[in-house]
Amino acid sequence: PEGARGGGLALPAFPDDGNAAPVLKVGGEATSLEDELGPLVVGEDGSVQRITNWSTMTDVEKERTKRVLTKRNAARLEAL
């Protein structure tokens, strides 16, 4: 399919539910990018990065971090 600006291929649309992370099939099994890499962190300048120690965090720490980041990322995106 043509991209919105013409000439290139468009990326597939993300689900509309706002919470679903992209899921890839690796070796026949589905895996979520967020589960593997962690959520995106939006900087005050709009830059994005990942949490470097995501793979070593406990499930409780991950849930808490996702809850805080959801609110903070939304506020930062609104301010841009």
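In which helix is K62 found? K62 lies in helix α2, which spans residues 59–79; helices are DSSP runs of H or I with at least four residues, strands are E runs of at least two, and both are numbered from the N terminus. The model is predicted, so that local features need pLDDT of at least 70 and side-chain atom pairs count only at pLDDT 80 or more, while totals for chains, interfaces and linings use all residues. Residues are numbered from 1 along each chain as its sequence is written, and side-chain values use heavy atoms, with hydrogens and water left out.

The chain comprises two helices and four strands, arranged from the N terminus as β-β-α-β-β-α. Of its 80 residues, 18% are buried, that is, under 20% relative accessible area with a 1.4 Å probe, counting protein chains only.

The largest nonpolar core consists of five residues, V41, I51, W54, M57 and L69. Such a core is a set of buried Ala, Val, Leu, Ile, Met, Phe, Trp, Tyr and Cys residues joined through side-chain atoms within 4.5 Å.

Two of these core residues, W54 and M57, are touched by K62 when residues up to four places away in sequence are not counted; contact denotes heavy atoms within 4.5 Å. With neighbours within four places set aside, M57 contacts I51, K62 and T65. K62 is buried but forms no salt bridge, defined as a side-chain nitrogen of Lys or Arg within 4 Å of a carboxyl oxygen of Asp or Glu. The nearest side chain of opposite charge to K62 is D59, 4.8 Å away; Lys and Arg count as positive and Asp and Glu as negative, whereas His and the chain ends are not counted.

How values were computed:
Buried means under 20% relative accessible area, exposed over 50%, partly exposed in between (1.4 Å probe, protein chains only).
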